[in-house]
Amino acid sequence: MKKIIIIGASSGMGMRVATDFARLGWRVGIAARREAPLKEIKALYPDRVEYMTIDVTADDAVERFYKLIELIDGMDYLLYAAGCGWRNPELDNARDMETLDVNVKGFTRIVNAAYKYFKDTANVHRGHIAAITSVAGTKGIGISATYSASKRYQWTYLQALDQLAHQQRVNVAITDIRPGFVDTPLLNGKKDYPMEMSIDYVAPRLEKAMLRAHRVAVIDSRWAVVTALWKLVPDCLWRRIELID
């Protein structure tokens, strides 16, 4: 029986992936700051799901993460689905610091712990670390500067970790999943995002990318084209583009 840990399972993509894999018969460990949604998932699949409240920004996050691994008796996959970000053209400092705490510090804390776990255990059966990042890492987005910068950090960190695993001969795959705009609570119910996608549309594509161990997966093909074009835009023109009204 395969085993997966999902960090950020209380809503959005994390919750959807957790229920999908539990329904398929996997052992699923779920974590988030809020306990109530985790209990609801556990109630749906009591024999397949275990949960642990984890605040990725807290000092005890790694300890609690390892306890969750013990609860499901091991880990084959980690999916880091926790995320934080706002439109913040006013550069509100509190919002920026929370974004960095979750998307940079918390991300690094949990992904590092997963890598070390697989370094010690994934000798025969390959471990797998996957993270939901974002196409927002392609270019700096003015109204969400910290969010887009934090996603670029995640891209680079996962790339570096993949290189490190090769150099250290650690049997672990690294998958960077980069969705376009998805209708989740992170968008705060706003409907003016371009090419916005539903969770029902994104979830199977995300899961397929993870199970096939793609190194990088942009969801979907439209966004792959758009972000390829973004990369070609020189800074003198990029500064004039208003992506979101």
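In the predicted model, helices α1 and α6 pass each other in a right-handed crossing. Helix α1 spans residues 12–23 and helix α6 residues 199–211, and their axes come within 10 Å and cross at roughly 65°. Angles of 65 to 115 degrees count as roughly perpendicular, and α1 and α6 are therefore roughly perpendicular to each other. On the α1 side, the contact is made by Gly 12, Met 13, Arg 16, Val 17, Asp 20 and Phe 21. The residues of α6 that take part are Ile 199, Asp 200, Val 202, Ala 203, Leu 206, Glu 207, Met 210 and Leu 211.

Ile 177 lies in strand β6, which covers residues 172–179. With a relative accessible area of 0%, Ile 177 is buried, because the cut-off for that class is under 20%. Thr 133 is 44 residues from Ile 177 along the chain, and the C-alpha atoms of the two are separated by 5.8 Å.

Helix α4 (residues 93–121) packs with helix α3 (residues 61–71) at an angle of about 45°, the axes lying 10 Å apart. This angle makes α3 oblique to α4. The crossing of the pair is right-handed. From α3, the residues Ala 61, Val 62, Phe 65, Tyr 66 and Ile 69 meet a set in α4 made up of Arg 109, Ile 110, Ala 113, Ala 114, Lys 116 and Tyr 117.

Helix α4 also packs with α5, and here the axes come within 10 Å and cross at roughly 15°. Helix α4 is thus roughly parallel to α5. The passage of α4 across α5 is right-handed. The α4 residues in this contact are Asp 96, Thr 99, Leu 100, Asn 103, Val 104, Phe 107, Thr 108, Val 111, Asn 112, Tyr 115 and Lys 119. They meet Thr 146, Tyr 147, Ser 150, Lys 151, Tyr 153, Gln 154, Tyr 157, Leu 158, Leu 161, Leu 164, Ala 165 and Gln 168 in α5.

Leu 100, one of the α4 residues that meet α5, counts as partly exposed at 31% relative accessibility. Not counting residues up to four places away in sequence, Leu 100 touches Lys 105 and Thr 146. Ala 31 is 69 residues from Leu 100 in sequence, and the C-alpha atoms of these two residues are 19 Å apart in space.

Leu 91, in the loop between β4 (77–80) and α4, has a phi near 55°, which is positive in a residue other than glycine. Leu 91 is exposed, with a relative accessible area of 52%. Arg 169, likewise not a glycine, has a positive phi of about 55°. Arg 169 is placed in the loop between α5 (145–168) and β6, and is exposed with a relative accessible area of 76%.

A cis peptide bond joins Ile 219 to Asp 220, with omega near 10°.

Helix α7 runs from residue 221 to residue 232 and has 12 residues. From its first C-alpha to its last, α7 reaches 17 Å, close to the 16 Å expected at 1.5 Å a residue. Trp 223, Thr 227 and Trp 230 are the buried residues noted in α7. These three cover an arc of only 50° around the axis, which puts them on the same side of the helix. An α-helix has 3.6 residues a turn, so residues three or four places apart point the same way. The buried residues of α7 pack against β7 (216–219) and α8 (235–238). The face turned away from the buried side of α7 carries the exposed residues Ser 221, Val 225, Leu 229 and Leu 232.

Terms used. Residues numbered from 1 in each chain as written. Predicted model: local features only at pLDDT ≥ 70, side-chain atom pairs only at ≥ 80, totals over all residues. Heavy atoms only, no water. Helix = DSSP H or I, 4+ residues; strand = E, 2+ residues; numbered from the N terminus. Expected span 1.5 Å × (residues − 1). Buried < 20%, exposed > 50% of the residue type's maximum accessible area, 1.4 Å probe, protein only. Arc of directions from axis to C-beta. Contact = heavy atoms within 4.5 Å. Axes fitted to C-alpha atoms, helices over the stretch in contact; angles between N-to-C directions. Parallel < 35°, antiparallel > 145°, perpendicular 65-115°, else oblique. Left-handed = near helix turned anticlockwise from the far one by under 90°.
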